[in-house]
Amino acid sequence: MTEEFKKRFKNFLLLDIETVAGFASYEQLPERMQKLWDKKAVSLKRGDETMSNAEYFYDRGAIYSEFGKIVCIAFGAFYWNERDEIAFKVSSFSGDDEVQLLLQFKALIEKYPADQLVLCAHNGKEFDFPFICRRMLIHCIEIPRALQISGKKPWEILHQDTMELWKFGDYKSYTSLDLLAAVFDIPGSKNEMSGDQVTKVYYEEKDLSKICRYCREDVVVLAQLYLRLHCFQTVKPENITRVE
């Protein structure tokens with residue numbers, strides 16, 4: 001067990017990102033971007049006019065990399081502690097300056113061998129990984145090799161996705177991290193807030209530390225879920241270290 005664990009998780013990083021609408025309101029969007037959001041909102045709402053385009057931007061802008069931004073990236077790694085038990089350490093980068101945040105994350109993952117680093121997230125292949133890459137390109141930041149997928153063969157891409165692992169090839173539906181945590185009886189991360197509140201907490205409550213706590217707890221849940229999906233024992237609460 002110990003050797004298998006050490007080999008699997010030698011260069012293994014679990015992560016989660018929190019994103020918000022790129023501006024505090026639709027009115028602050030540049031005029032050109034307002035027009036483009038209006039066009040996008042028409043297709044997204046599909047005739048549902050219960051919200052105006054401005055309200056819809058505040059509600060949904062965070063999930064589109066063209067209209068949102070990253071305010072926190074949490075990351076964690078497994079290790080084997082001195083008591084010969086599985087342990088986990090989680091930390092995060094955050095800030096209002098997205099460029100600085102992305103550069104910090106880039107520096108972190110470039111410490112690992114690019115051809116050996118495994119990045120894992122829930123729905124990461126659809127959301128976290130491409131969102132990070134797109135925001136890097138927008139800010140003219142060179143994408144780290146570990147995140148580059150262009151020209152690679154499928155077996156050369158080391159990204160892992162717990163939602164994909166759970167689907168077993170089924171593409172019909174989205175399964176949330178919170179639901180899988182409940183299915184596997186893993187303590188959830190939604191005690192303080194939920195994902196749909198991040199933009200409000202950021203702009204109205206101005207509580208970035210709250211968002212970061214939530215993001216780090218998502219990574220803890222992700223780590224426990226990954227272990228359960230591979231029939232490893234989960235990390236004992238006393239073996240989880242949270243670094244603010």
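Helices (H or I, at least four residues) and strands (E, at least two) are DSSP runs, numbered from the N terminus. The model is predicted: local features need pLDDT of at least 70, side-chain atom pairs count only at pLDDT 80 or more, and totals for chains, interfaces and linings use all residues. Residues are numbered from 1 along each chain as its sequence is written, and side-chain values use heavy atoms, with hydrogens and water left out.

**Exercise 1. Find out how H5 is covered.**

Step 1: Count the buried residues. Eight of the eleven residues of H5 are buried, so the helix is mostly covered.

Step 2: Name some of them. The buried set includes Asp128, Phe129, Ile132 and Met136.

Step 3: Ask what lies over them. The cover includes E1, strand E2 (68-80), helix H4 (98-109), E4 and strand E5 (160-161).

Step 4: Turn to the loop between strand E4 (118-121) and H5, where Asn123 is found. Asn123 counts as buried because its relative accessibility is 14%. Leaving aside neighbours within four places in sequence, Asn123 is in contact (heavy atoms within 4.5 Å) with Asp128, Asp161, Met163 and Tyr174.

**Exercise 2. Work out how H8 packs on H9.**

Step 1: Take the axes, which are lines fitted to C-alpha atoms, for helices over the stretch in contact, with angles from 0 to 180 degrees between N-to-C directions. Those of H8 and H9 come within 8 Å and cross at roughly 155°.

Step 2: Classify the angle. Under 35 degrees counts as roughly parallel, over 145 as roughly antiparallel, 65 to 115 as roughly perpendicular and the rest as oblique. H8 is therefore roughly antiparallel to H9.

Step 3: List the partners. Val198, Val201, Tyr202 and Glu205 of H8 meet Leu208, Lys210, Ile211 and Tyr214 of H9.

Step 4: Sort them by type, with Ala, Val, Leu, Ile, Met, Phe, Trp, Tyr, Cys and Pro as nonpolar, Asp, Glu, Lys and Arg as charged, and the others, Gly among them, as polar. This gives six nonpolar, no polar and two charged residues.

Step 5: Focus on Lys210. At 14% relative accessibility, Lys210 counts as buried. Beyond its neighbours within four places in sequence, Lys210 is in contact with Glu192, Met193, Val201 and Glu205.

**Exercise 3. Describe the lining of the largest pocket.**

Step 1: Of the 32 residues that line the largest pocket, the closest to its centre are Thr19, Ile63, Phe127, Tyr174 and Gly195. On a 1 Å grid over the protein atoms alone, a pocket is an open set of points where a 1.4 Å probe fits, with protein on both sides within 12 Å along at least five of seven lines; lining residues have an atom within 4 Å of a point.

Step 2: The largest share of the lining, four residues, comes from E1.

Step 3: By type, the lining divides into twelve nonpolar, eight polar and twelve charged residues.

Terms used:
Buried means under 20% relative accessible area, exposed over 50%, partly exposed in between (1.4 Å probe, protein chains only).
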